[in-house]
Amino acid sequence: MWNKISRLFKIKTKLEVFLITYALALGAVKRGEEYLFQYPGMGGLLLFLCCTGAVFLAAAKMLQAVELSQMIGDD
């Protein structure tokens, strides 16, 4: 039973990675907009870029992990 539940939290395909990345990006942009409002000018812009940049790093790492998992045949 626990195996079935744990399978829900495993990312197995690139499509799942892209969907998760989209959700992360929506949250990052929303947070970045708040930073732009709270800290007008260069400070807010840098914080906005940090929020969105973190999404790119996370997406790259997830894609790399999925490709490695598919190469070694990990189920």
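Lys14 counts as partly exposed, because its relative accessibility of 36% lies between the 20% and 50% cut-offs. In this predicted model, the side chain of Lys14 meets that of Glu67 in a salt bridge, with a distance of 3.2 Å from N to O. The pair links distant parts of the chain, since Lys14 belongs to helix H2 and Glu67 to helix H3, 53 residues apart. Glu67 is likewise partly exposed, its relative accessible area being 37%.

The two helices that this pair connects also pack against each other: H2, which covers residues 14-38, and H3, which covers residues 42-72, have axes 8 Å apart and meet at an angle of about 170°. Because an angle over 145 degrees counts as roughly antiparallel, H2 and H3 are described as roughly antiparallel to each other. Sorted by class, the contact of H2 with H3 has 19 nonpolar, four polar and four charged residues.

Thr21 is found in helix H2, and with a relative accessible area of 15% this residue is buried, because the value falls under 20%. Leaving aside residues up to four places away in sequence, Thr21 touches Val55, Ala59 and Met62.

A search of the whole structure finds two salt bridges; besides the pair already described, Glu34 forms one with Lys30, where the closest N and O atoms are 4.0 Å apart. Glu34 and Lys30 are separated by about one helical turn, because they stand four residues apart in helix H2. Glu34 is partly exposed at a relative accessible area of 30%, and Lys30 is partly exposed at 47%.

Definitions and conventions. Residues are numbered from 1 along each chain as its sequence is written. This is a predicted model: local features need pLDDT of at least 70, side-chain atom pairs count only at pLDDT 80 or more; totals for chains, interfaces and linings use all residues. Side-chain values use heavy atoms; hydrogens and water are left out. Buried means under 20% relative accessible area, exposed over 50%, partly exposed in between (1.4 Å probe, protein chains only). Contact means heavy atoms within 4.5 Å. Axes are lines fitted to C-alpha atoms, for helices over the stretch in contact, and angles run from 0 to 180 degrees between N-to-C directions. Angles under 35 degrees count as roughly parallel, over 145 as roughly antiparallel, 65 to 115 as roughly perpendicular and the rest as oblique. Ala, Val, Leu, Ile, Met, Phe, Trp, Tyr, Cys and Pro count as nonpolar, Asp, Glu, Lys and Arg as charged, and the others, Gly among them, as polar.
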